[in-house]
Amino acid sequence: MPDGSAFCGKCGTRLAAPAGAGGRPTAGPTPSKAAVPNAAPSRPAAPPAAAKAPALAVAAAVLAAAAVVLSLLPWLEVDPVVSAASGYAGGLASLLGAGDGSFSFDESYAVWALPSFAGAFGDYASLYGALGGEGAGAASALVGGAAWGCLLLWLAGVVLLALGAVRIARSGRRGALVAGAVAMAVCAAVFCGLSGLLDGIASATAFPLMCLAASVAAAVCALAAKRG
C-alpha cells in the first residue's frame with residue numbers, strides 16, 4: 001500500500017490519519033492570528049504648569065535672604081544735633097535730681113537696638129516730666145511698646161525667613177517663608193509708625209522700606225510657586 005493512501009487497496013476500508021511523533025495525529029498548521037496593530041505611540045506629555053515653580057522658589061529664597069540682610073542694617077538715624085547734645089544731658093539730669101539714666105543717643109539703631117533707644121527716650125521723658133511737662137509718661141510707654149514690639153516681630157521674622165528659605169529651596173515647603181515674610185513686613189510697618197512719632201529726634205533710613213518690599217516680594221513668589 002503506497003504511503004499516504006486514504007483507503008486499503010484490498011478491502012477499501014478508510015485508513016486512520018497517520019500518527020505523528022508520540023502516536024498522536026499530526027496537527028495541521030495553525031492558522032496565524034491576525035497581527036494586532038501596534039498601539040499608537042503616546043504623545044509626549046505637555047510640560048506641567050509648575051515648570052516655573054523651581055525658579056519662583058529660588059527667587060523667594062533669595063528675596064527672603066535679602067530681607068534678613070536688610071533687617072540687620074540701621075533702621076533709625078538720630079539727628080546729629082540731638083546725638084551730640086545728648087552727651088551733656090546726663091550732667092543736667094543729675095543736677096535736677098532726675099536719676100542716673102542713660103541719656104546718650106547713638107548715631108543710629110538697628111532693630112534689635114531699638115529697646116536701647118526707647119530706654120534713653122524714656123529717661124528724657126522722665127526729665128521732661130520732672131520739669132513740669134505733660135504726657136511724658138504716655139509718650140515713653142508708646143515708644144517703648146513699639147520698640148519691643150518691633151524687636152519681637154523682627155526675631156520671629158528672621159528665624160522664619162531663614163528657615164523658610166532653606167525649606168523652599170530644598171523641599172518646596174513655603175509655610176515658614178510666608179509666615180516670616182508677614183512678620184517682617186508687620187515689623188517694618190510698626191517701625192514706620194514709630195519713626196513718625198520721633199519727628200525732630202530721629203528718622204527712618206531707607207532700609208526698613210527696602211526690607212518691607214523684599215519681604216512682600218518673597219511671599220508673593222512663594223505663593224505663586226505654590227499655585228503653579
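Biologist: Which helices each supply at least two residues of the lining of the largest pocket?
Modeller: In this predicted model, H4 and H5 each supply at least two residues of that lining, and H4 gives the most, with 4 residues.

Biologist: Which residues line the largest pocket, then?
Modeller: The lining consists of Val 82, Phe 105, Phe 121, Tyr 124, Ala 125, Tyr 128, Glu 134, Gly 135, Ala 136, Ala 139 and Ile 201. Sorted by class, the lining has 9 nonpolar, 1 polar and 1 charged residues.

Biologist: And how much space lies in the largest pocket?
Modeller: The space in the largest pocket comes to about 150 Å³.

Biologist: Let's switch to the core. How many residues has the largest nonpolar core, and which have the most contacts inside it?
Modeller: The largest nonpolar core has 45 residues, and those with the most contacts inside it are Leu 76, Tyr 109, Leu 114, Phe 117, Leu 161, Leu 177 and Leu 198. Two or more residues of this core come from each of helix H1 (53–71), strand E1 (76–78), helix H4 (114–130), helix H5 (136–170), helix H6 (175–196) and helix H7 (207–227).

Biologist: Which of those gives the most?
Modeller: That is H5, which gives 10 residues to this core.

Biologist: You listed Phe 117. What does Phe 117 touch?
Modeller: Setting aside residues up to four places away in sequence, Phe 117 touches Leu 76, Val 78, Phe 105, Tyr 109, Val 143, Leu 198, Ile 201 and Ala 202.

Biologist: Now Asp 106, where does that lie?
Modeller: Asp 106 lies in the loop between helix H3 (89–95) and strand E2 (108–109). Beyond its neighbours within four places in sequence, Asp 106 is in contact with Val 78 and Ser 83. Asp 106 and Ala 120 are 14 residues apart in sequence, and from C-alpha to C-alpha they are 9.7 Å apart in space.

Biologist: Why does Asp 106 count as partly exposed?
Modeller: Asp 106 counts as partly exposed because its relative accessibility is 42%, and that class runs between the 20% limit for buried and the 50% limit for exposed.

Biologist: Last topic, cysteines. How many disulfides does the structure hold?
Modeller: The structure holds 0 disulfides. For Cys 211, the nearest cysteine sulfur is that of Cys 187, which is 7.2 Å away, whereas a disulfide needs the two sulfur atoms within 2.5 Å.

Biologist: Is Cys 211 buried or exposed, and what about Cys 221?
Modeller: Cys 211 is buried, because its relative accessible area is 0%. Cys 221 counts as buried too, with a relative accessibility of 16%, since buried means under 20%.

Terms used. Residues are numbered from 1 along each chain as its sequence is written. This is a predicted model: local features need pLDDT of at least 70, side-chain atom pairs count only at pLDDT 80 or more; totals for chains, interfaces and linings use all residues. Side-chain values use heavy atoms; hydrogens and water are left out. Buried means under 20% relative accessible area, exposed over 50%, partly exposed in between (1.4 Å probe, protein chains only). A nonpolar core is a set of buried Ala, Val, Leu, Ile, Met, Phe, Trp, Tyr and Cys residues joined through side-chain atoms within 4.5 Å. Contact means heavy atoms within 4.5 Å. On a 1 Å grid over the protein atoms alone, a cavity is a set of points where a 1.4 Å probe fits but cannot get out, and a pocket is an open set with protein on both sides within 12 Å along at least five of seven lines; lining residues have an atom within 4 Å of a point. Grid points are joined across faces, edges and corners, and a volume is the space filled by probe spheres set on the points. Ala, Val, Leu, Ile, Met, Phe, Trp, Tyr, Cys and Pro count as nonpolar, Asp, Glu, Lys and Arg as charged, and the others, Gly among them, as polar.
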